[in-house]
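Work through the exercises below with the structure open. Each task is followed by a solution in steps.

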Amino acid sequence: MKAVVYAGYGAAPVLTQVAEPDCPADGVVVGVGATGVCRSDWHAWKGHDPVTLPHIGGHEFAGVVVAAGPGVTRWRAGDRVTVPFACGCGRCEHCLAGDAQVCPRQTQPGFTGPGSFAELVAVHAADANLVALPPDVDFVTAASLGCRFATAFRAVTAHGRVRPGNWLAVHGCGGVGLSAVMIGTALGARVLAVDVSAAALAQARELGAEAAVDAAAAGAESLAAAIGELTGGGAHVSIDALGSPAVAADSVRCLRRRGRHVQVGLLPGGPVPLPMDLVIARELEIYGSHGMAARDYPEMMRMVADGALRPGLLVGEVIALGDVGRALAAMDGPAGAGMTVVRLAG
Ligand SMILES: [Zn+2]
Ligand SMILES: [Zn+2]
């Protein structure tokens, strides 16, 4: 089969012929229809997130099951599917409780094994991890859901518990942040977008944000004050979609009493200081969000299928498999507008 392979960290990814993946006994092989190119793929390529070399990246995919192992009961060849980026083992207490996103033995195609920058990709524990695609959801749209969009959905719904009329502050309007803006708006929240880029704020407004705040124009104290004023007392829910110690602290500071902060942006540098005095005095809640398990996909899929959520609006470039190397190299610079998705079929 054809796949994009790199031999070493930072070495040019090359479109080449490789052996087809074996089908795991409890898993499936998926014929890739589309696959997103994500900054996490860039981190793996650069060696920030160790992988076995040579390596095939890619973790945001949708396609058709071409083979199923003997232990698989729920899926068979021909099924249209997608998967969360973190696949659970299907057997531990967390997986059995439906929380595969925190499985200690999780597998991640594109990180713990070969990924979806290929015509075929293997998925373990298929019964626990595959998600059926409604007929109306095409592969490019589905591929754009698996990582950033699903993580934002879980942050806004399961952790944020956003209700109609609530103020939702979204700090950082890249892929995850804009997804959160769209999801919050669809759920009837009043969304307030925070970023330092005028273009990102304009895009957030197009996707439904009612208010936009330029974080560069305000210091930490005045940002919280500005948000407090705009929202009449602070945000009910606030998300750090960027991942920086300063933004995480800003997100906690801008909350209304009894508000909820959700940390979605990664903080690879280790522990960060948060204003815990406010957490006590205002009875704030703090959550971390790490993707979303297959169990929780149907509600999001319904909203996509009926048009309440339109993740396709967040897709920028649609490219060919041979362009993956160029797309990864482009991430050496600042993020472009929209998600890049590779279309292989359908
Ligand atoms: Zn991703
Ligand atoms: Zn597990």
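## Overall fold

The chain has twelve helices and 15 strands. The model is a predicted one.

**Exercise 1.** Determine whether the radius of gyration of the chain agrees with that of a compact globule of 346 residues.

*Solution.* 
- Step 1. For 346 residues, the radius of gyration of a compact globule would be near 20 Å.
- Step 2. The chain has 20 Å, so the value agrees with the globule rule.
- Step 3. Buried residues account for 52% of the 346 residues.
- Step 4. Of the contacts between residues at least 6 apart in sequence, 70% join residues at least 24 apart.

## Buried faces of helices

**Exercise 2.** Find which residues of helix α1 (residues 39–46) are buried, and state what covers them.

*Solution.* 
- Step 1. Taking buried as under 20% relative accessible area, the list for α1 is Asp-41, Trp-42, Ala-44 and Trp-45.
- Step 2. Their arc around the axis is only 160 degrees, which places them on the same side of α1.
- Step 3. The elements covering these residues include β3 (28–37) and α12 (324–330).
- Step 4. Just after α1 comes Gly-47, with a positive phi of about 90 degrees.

**Exercise 3.** Assign the residues of helix α7 (residues 198–206) that are buried and those that are exposed on the face turned away from the buried side.

*Solution.* 
- Step 1. Ala-200, Leu-201 and Ala-204 are buried in α7.
- Step 2. Viewed down the axis of α7, these residues fall within an arc of 100 degrees, so they line one face of the helix.
- Step 3. The general rule behind such a pattern is that an α-helix has 3.6 residues a turn, so residues three or four places apart point the same way.
- Step 4. Ala-198, Ala-199 and Glu-206 are exposed, on the face of α7 turned away from its buried side.
- Step 5. The packing partners of the buried residues of α7 are α6, β9 (190–195) and β10 (211–214).

## A helix pair

**Exercise 4.** Describe how helix α5 (residues 145–159) and helix α11 (residues 297–305) cross, and which residues make the contact.

*Solution.* 
- Step 1. Two packed helices are described by the angle between their axes and the distance between the axes.
- Step 2. Here the axes of α5 and α11 come within 11 Å and cross at roughly 100 degrees.
- Step 3. Since angles of 65 to 115 degrees count as roughly perpendicular, α5 is roughly perpendicular to α11.
- Step 4. On the α5 side the contact is made by Leu-145, Gly-146, Phe-149, Ala-150 and Phe-153; on the α11 side, by Tyr-297, Glu-299, Met-300, Met-301, Met-303 and Val-304.
- Step 5. Sorted by class, the contact of α5 with α11 has nine nonpolar, one polar and one charged residues.

## Backbone exceptions

**Exercise 5.** Locate a cis peptide bond and two residues other than glycine with a positive phi.

*Solution.* 
- Step 1. The background is that most residues other than glycine have a negative phi, and most peptide bonds are trans.
- Step 2. The peptide bond from Leu-53 to Pro-54 is cis, its omega being near -5 degrees. Pro-54 sits in the loop between α1 and β4 (60–68).
- Step 3. Arg-161, not a glycine, has a positive phi of about 50 degrees. Arg-161 belongs to the loop between α5 and β8 (167–171), and counts as partly exposed at 35% relative accessibility.
- Step 4. Arg-258 has a positive phi near 65 degrees. Arg-258 is in strand β12 (residues 255–263), and counts as exposed at 54% relative accessibility.

**Exercise 6.** Place Gly-333 in the chain and give its separation from Thr-52.

*Solution.* 
- Step 1. Gly-333 is in the loop between α12 and β15 (339–343).
- Step 2. With a relative accessible area of 29%, Gly-333 is partly exposed.
- Step 3. Gly-333 and Thr-52 are 281 residues apart in sequence, and their C-alpha atoms are 25 Å apart in space.

Conventions:
Residues are numbered from 1 along each chain as its sequence is written. Chains are lettered from A and ligands numbered from 1 in the order in which they are written. This is a predicted model: local features need pLDDT of at least 70, side-chain atom pairs count only at pLDDT 80 or more; totals for chains, interfaces and linings use all residues. Side-chain values use heavy atoms; hydrogens and water are left out. Buried means under 20% relative accessible area, exposed over 50%, partly exposed in between (1.4 Å probe, protein chains only). Helices (H or I, at least four residues) and strands (E, at least two) are DSSP runs, numbered from the N terminus. The arc is that of the directions from the helix axis to the C-beta atoms. Contact means heavy atoms within 4.5 Å. Axes are lines fitted to C-alpha atoms, for helices over the stretch in contact, and angles run from 0 to 180 degrees between N-to-C directions. Angles under 35 degrees count as roughly parallel, over 145 as roughly antiparallel, 65 to 115 as roughly perpendicular and the rest as oblique. Ala, Val, Leu, Ile, Met, Phe, Trp, Tyr, Cys and Pro count as nonpolar, Asp, Glu, Lys and Arg as charged, and the others, Gly among them, as polar. The radius of gyration is taken over C-alpha atoms; the globule rule is 2.2 Å times the number of residues to the power 0.38.
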